[in-house]
Amino acid sequence: SHTWFWNLIQNDFKTGNTDLEGCMRLLEKMQIPFDEDHLKHIFRRTLDKHLGDVISMDDFRAIYRALVHRPEYEELFRAYSSDGVILTDTQLIKFLVKEQFQTEVDETTALEIIMKYEPIDEVRKKRQMSFEGFIRYMRSDECSIFKIQHRTIYQDMNQPLCDYFISSSHNTYLIADQLMGPSHLWGYTSALLKGCRCLEIDCWDGTNNEPIVYHGHTLTSKIPFRSVIHVIDKYAFMSSAYPLVLSLENHCSPKQQEVMAHYLKSILGDKLLSSPIGGEVDMTRLPSPEALKFKVLIKNKKAGTIEESMLRMYDDNTGETEELSDSEFLSEDEDTDDTLPLHRSKSSTKRRADGRSSAPPQKKPKVKRGKIALALSDLVIYTKSQKFVSFEHSLMNQQCYENNSIGEAQARKLVRHSAKDFISHTTRFITRIYPKGTRMSSSNYNPQEFWNVGCQMVALNFQTPGTQMELQDGKFLDNGGCGYVLKPDFLRDRNTTFTPQNVGRYSKPMSLSIRLISGHQLPPSSLSKTNKADPKVQIEIFGVPEDQARKKSSVVKSNALSPKWNETFSFNIQVPELAMIRFCVEDEVSLVNNEFLGQFTLPVMSLNTGYRNIPLLSKEGIKLESASLFAHIWYY
């Protein structure tokens, strides 16, 4: 392996030595992820041995080893290698079966791993693995804590839409807070690139008959509706092929609703679903994500039935509007709830324009509100917004293609007092939950409690980092990140008796044991002048109430490069199908104050067993390329 290493680096040492820049270039060439603070520290430590600011080939090898040859990998390698230098294919199989619990591996699997990860030609040709190859394998996605099988779409995508959790965003056009923050097309682009499948568009009348998108009655900036639809057209299916729902929060006059309908048709073209699949409407069951691939669905109020829309398709009905009865219209969020509850008089939902020119004129809100342009209404097929009255009312009157939006506060009460009816409702109807309007800073609520009762569209403010968004991102890593995750059977069966408070016979208890071994290249504390931190790890389970749990490791003093814990944590989980697990690394600044360093959240059912690396993400959800935790996971 010495020759392999020298051959790899000698070109960069033509002058006999190199500096920090050269050192970084070389590591990049070798595809070794490194954190600059940690590398500088190791580099300086090496320089201390001699004068000057350049290092020799031997020094570089020492730096490489300090960064890459981790003792915890070495220990495992030596346990299976007879000479401590190579692993034969049979020794590798033994390791995979005994340590990684991969019972189905055979010679073919072992050879595939060797071919893919062994960098030294002569070792690879002998179908063997060196320590260098073993390190590369242990660092790969195959040894991630997240099951590699779940990185692709593996679930049944042929069930009705209401059988899935659907990645949903709220006030998608905001990239800061709800009062002053800029409205920005980037909000849509980034949500779509994250695999979000339900976007919210708040539409208001604009000048020159151009509808605009912004958070009504606030100072957020305005974007033309047309531009938003162009961005959606471009990015709709980049991260997922499955249907995209546009939830229109419609405050426009019928005239501008017609303009909206025109833009939706002309810009989205064939992507827009404007008539039922196969020409027939199945009134008893929603179509599946598979059947609606590459389609954009419009969620809005609708006048009359789908059949009436179909008959109209053959007539020209520009300019026609339909009165919606009060019960139909002053419905759901209307985001009246959720736009600002600033100037609401007791007697009506009408708001004073408050002398601001930015607020749309509000002369006769009743009449204006109660009208819907048929051109827009007819684009609503499977996602008709319907005012939520009660679970009983829905059971008696609601069609499968009618959906409800329920504000977070009301939804929380319903979870508390009628969870069984709530679940019975979500087995039949798509239900969207949205954050309350008083969250001025666009803070989020915990989505878990609404997933627990089967709500499909739990809408979060994607622009706000925090545990809630981390749970959202973690949940939708599953099933290939396509934005649709099949709900567990007990949330899809119409006769289910499951409730989060009383899991009864639906419990499939899992005993989970996690040995937190070490960390590697953790981000240094912002207070550190070098590369130090005092890291500790918090492991938290989110799920049904009795599964909620949190455990903390001890603090390792002054070591962010390679802290060692070797601590074991055990959890008993009653409903693993709903549980999420979050690993959070913090720097203990003082006894009362911790600084966030990185985290990773994933579904408990996506956990891999054996020795696994845990990638870490920044506050904004961006992967920290070189930082990770190392743990041993085991469950039965």
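Which residues is Gln-155 in contact with, leaving aside its neighbours within four places in sequence?

## Gln-155 and its contacts

In this predicted model, Gln-155 is in contact with Asp-478, Asn-479, Tyr-484, Val-485 and Leu-486, once its neighbours within four places in sequence are left aside. Gln-155 is placed in the loop between helix 9 (131-138) and strand 5 (164-166). Gln-155 counts as buried because its relative accessibility is 15%, and the cut-off for that term is under 20%.

## The nonpolar cores

The largest nonpolar core has 68 residues, of which Ile-201, Phe-225, Ile-232, Leu-246, Leu-264, Phe-422 and Phe-498 touch the most other members. Helix 12 (residues 254-268) supplies the largest share of this core, seven residues. Residues of this core come from both domain 3 (161-278 + 286-306 + 370-491) and domain 4 (507-635), so the core lies between these domains.

Phe-225 illustrates the contacts of one core member. Not counting residues up to four places away in sequence, Phe-225 touches Ile-201, Cys-203, Pro-211, Ile-212, Val-213, Leu-248, Met-260, Tyr-263 and Leu-264. Another core, of 49 residues, lies apart from the largest one and has Trp-4, Ile-32, Tyr-117 and Cys-143 among its members.

## A nonpolar patch on the surface

In soluble globular proteins, nonpolar side chains tend to be buried together. On the surface of this model, however, Phe-101, Trp-634 and Tyr-636 form a nonpolar patch, and together they have about 340 Å² of accessible area. Tyr-636 is found in the segment after strand 25 (623-635). Tyr-636 is exposed because its relative accessible area is 62%, and the cut-off for that term is over 50%.

Technical notes
Residues are numbered from 1 along each chain as its sequence is written. This is a predicted model: local features need pLDDT of at least 70, side-chain atom pairs count only at pLDDT 80 or more; totals for chains, interfaces and linings use all residues. Side-chain values use heavy atoms; hydrogens and water are left out. Patches are made of residues with over 30% relative accessible area and no salt bridge: like charges are joined within 9 Å, nonpolar side chains (Val, Leu, Ile, Met, Phe, Trp, Tyr) within 5 Å. Accessible areas come from the Shrake-Rupley method with a 1.4 Å probe; for residues, only the protein chains shown count as cover. A salt bridge is a side-chain nitrogen of Lys or Arg within 4 Å of a carboxyl oxygen of Asp or Glu. Helices (H or I, at least four residues) and strands (E, at least two) are DSSP runs, numbered from the N terminus. Buried means under 20% relative accessible area, exposed over 50%, partly exposed in between (1.4 Å probe, protein chains only). Contact means heavy atoms within 4.5 Å. A nonpolar core is a set of buried Ala, Val, Leu, Ile, Met, Phe, Trp, Tyr and Cys residues joined through side-chain atoms within 4.5 Å. Domain bounds come from an automatic or database domain assignment.
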